Each structure stands twice: as structure tokens, then as C-alpha cells.
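Work through the exercises below with the structure open beside you. Try each task before reading its solution.

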Amino acid sequence: MNQRNIISLAYANQELDIVPSLGAAIARYQVIHQGKAYDFLRRASKGAIDQGVISEMASFLMAPWAGRIQNGTFNYQGKDIHYPSSIPNFPHSMHGFTRDKAWHIVEQTAQMALLAFNHSENHDWPFSFELFQRVELTDTGVTISVTVQNIGDTDMPFSLGHHPFFPCNEHTLIKTNVQRAWYSDDELMPIVLNTHPACQKLAQGLYVQEQGFDTIFTDWDKKVEIYWLDERRYLRYHVTEPMDFFVLYNPPGEQWFCAEPFGNITNSFNLREKFPQETIGGMDIKAGEKIETRFELVPGFELQSPLGS
């Protein structure tokens, strides 16, 4: 077991920890209110950090894709790409590979950290890119800004997403505005885009422990509200382009759930010839081109019930 270096930020009654050697993942985001610390993201344990268990972090960035690539294989501009799965006995490549790698610190202050990851083309992923992630505590919350640049000589396929884990109990409610959802097969590969009964529930307010989902929603307004009604606190977040998709993952029986902004649907690189690009996401980034996106989380307290009661 390795003891990993942790960057600790603090500002405006907020504290946030980052693990550079583990995908620049966030391990903790707390707000101090009236002398008590509240976790607005599920806090990672020391054991999970030292053992490098990325799925037990508070939040991590997914790139150069989010979700799954079926069998880790797709064809891009006539070239067969195969990025092998990092999960034993599981054929599909999950959530990119920058989450599994060490990032380096470019700049750090008491309230901000800028980290970078550089990938040079290789057999598994023959596209070169540079990725920057700036995490900053502000007067209102935390802002995560991500910039990617194609530093190769050819076009490259790319997408990204954030994978935050939020604590929950029977009093935790989520609200967001979506219009349709992808229905998937048994391996969670999208097959049909249609209306979904959860869309109306999410607009009105869905108790996250009421029913389990692992669903990709579309036609999203890029805003989410989460309420811990028993503690009279909330978190609102919004994202910018190209985060056009919302994933709700709330497995039954857990004390956490995921409300994730994605830039693509699962297996999007294999669906380009089957569905319109605006319904599946993903990008082609030209040589030298740069893409930027922001993820802003704003916590708060003492809010009236969003259900009006």
C-alpha cells in the first residue's frame, strides 16, 4: 500500500482534497457550517486513496471518453482502434484512461490547483493530447475547469465527463430537466432513444433511494439540484458544452448516488454511423484545436423544501 500525496485546498469555509497520482481525483469536498462539517461529495477513505481505488473517490474526470466502449474497439477514419479494458474479466473499456494515470501539478495556491496530463500517441490510443484540470474554491463553491488540446498532427476522437458521487439517504432529492433517455441492452449499450417516465419525476423532484437507475438522459438543461431535506442543505451544479448528457446512477441499497455530466453516451464512438451526432455526443478535435468546459458546484443551507411543504 502506498501513501499518496494529497493536495488540500481551503477557502470560504470549504475544504477540498485532490489526489494527483490517481487521475487528479477529488477525494473530499466539505463545507463548514455553524461549526459542523458537511460532505457535499461522498468522502473517500484513506484506505481507498492509498490503494488507488478510483471508484471510491469523491469525483473524477473521465477522458478521452466517458462510459463504455464496446469490447474496447471502434473504427476511426478507417483505422481500427482497440483500447483494452483495465477491469479483469470485463470486455468493455470504461471511462477513459486519464483516471488511472498520474497527473502533475502545474500550479497551486491555498484555494486553487492546476494539474496536467499529457498523452503521446501509442498503440492503444494513437492520438496525442494535453489535458488541464483547474480546481478552484470560490466565494460560492467549487469550479472545475477542463481544457484539452490536440497536440498531434491528425484529427482525434474525444469526449469527457465528470463522475461525482454524492452522499444520500431516504431524504435526498434530485431535480433536473431532461426530455428523453437512451434505453440500453443487458450490457448497458444504448439501442433506442425515446421518452422516459423518469423525466417527469426528475423535473418534479425524485427521491434517489426510491427507485434505481443507470440511465443516460438527453435534451438536458445542464443544471442539477440536490437536496438533503433532513439537513436543510442543498447543492446546485451546472456545466457548459459539450456536456450535453446527464447520467443518473443510483444503485439500490447504497448510501451514495451519481449524477453525472457526460459529453457522450456510452459506446458513442461505435454509433456514429447509426445515429445523429447531437443524440450521441463525442467530438472530432482537429490538430492544434483546444476545447474548454466548466463544472460549477454551489452548496447552500437553510433552504425551504423544493416540494413546497
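## Exercise 1: The largest pocket

The largest pocket holds about 530 Å³ of space. Note before you start that this is a predicted model.

**Task.** Find which elements give two or more residues to the lining of the largest pocket, and sort the lining by class.

**Solution.** 

Step 1. Start with the lining of the largest pocket, which is made up of 25 residues. Those nearest the pocket's centre are Met94, His95, Leu188, Asp214 and Tyr249.

Step 2. Sort by class. The lining of the largest pocket has 12 nonpolar, eight polar and five charged residues.

## Exercise 2: The largest cavity

**Task.** State how many cavities of 30 Å³ or more a search of the whole structure finds, then describe the lining of the largest cavity.

**Solution.** 

Step 1. Search the whole structure. One cavity of 30 Å³ or more turns up.

Step 2. Take the volume. The largest cavity comes to about 30 Å³.

Step 3. List the lining of the largest cavity: Ala24, Ala25, Ile26, Ser59, Phe60, Leu61, Gln133, Ile144 and His162.

Step 4. Class these residues. Six are nonpolar, three are polar, and no charged residues take part.

## Exercise 3: Salt bridges

**Task.** Count the salt bridges in the whole structure. Then work out which parts the pair Glu15 and Arg28 ties together.

**Solution.** 

Step 1. Count. The whole structure has 12 salt bridges.

Step 2. Take the pair. A salt bridge joins the side chains of Glu15 and Arg28, with N to O at 2.7 Å.

Step 3. Glu15 is in strand β2 (residues 14-19) and Arg28 is in strand β3, so their bridge ties together parts 13 residues apart in sequence.

Step 4. Glu15 is partly exposed, because its relative accessibility is 29%. Arg28 has a relative accessibility of 11%, so Arg28 counts as buried.

Step 5. Widen the view. Glu15, Asp17 and Arg28 are linked in a network of salt bridges.

**Task.** Buried or partly exposed: how do Arg233 and Glu231 count, and how do Glu296 and Arg294?

**Solution.** 

Step 1. Recall the cut-off: buried means under 20% relative accessible area.

Step 2. Take Arg233 and Glu231. They form a salt bridge whose closest N and O atoms are 2.6 Å apart. Arg233 has a relative accessible area of 6%, so Arg233 is buried. Glu231 is at 31%, so Glu231 counts as partly exposed.

Step 3. Take Glu296 and Arg294. In their salt bridge, the closest N and O atoms are 2.8 Å apart. Glu296 is at 19% relative accessibility, so Glu296 counts as buried. Arg294 is at 37%, so Arg294 counts as partly exposed.

## Exercise 4: A residue in a helix

**Task.** Say which backbone oxygen the side chain of Thr279 reaches, and which residues Thr279 touches.

**Solution.** 

Step 1. Thr279 lies in helix α3 (residues 277-280).

Step 2. Its relative accessible area is 12%, so Thr279 is buried.

Step 3. The side chain of Thr279 reaches the backbone oxygen of Pro276 at 2.7 Å.

Step 4. Leave out residues up to four places away in sequence. Thr279 then touches Arg180, Trp182, Leu193, Thr218, Phe245 and Ile265.

Terms used
Residues numbered from 1 in each chain as written. Predicted model: local features only at pLDDT ≥ 70, side-chain atom pairs only at ≥ 80, totals over all residues. Heavy atoms only, no water. Helix = DSSP H or I, 4+ residues; strand = E, 2+ residues; numbered from the N terminus. Buried < 20%, exposed > 50% of the residue type's maximum accessible area, 1.4 Å probe, protein only. Polar contact = N/O pair within 3.5 Å; in protein donor to acceptor, adjacent residues only side chain to side chain. Contact = heavy atoms within 4.5 Å. Salt bridge = Lys/Arg side-chain N within 4 Å of Asp/Glu carboxyl O. 1 Å grid on protein atoms, 1.4 Å probe; cavity = no way out; pocket = protein on both sides within 12 Å on 5 of 7 lines; lining within 4 Å. Points joined across faces, edges and corners; volume = space filled by probe spheres on them. Nonpolar A, V, L, I, M, F, W, Y, C, P; charged D, E, K, R; others polar.
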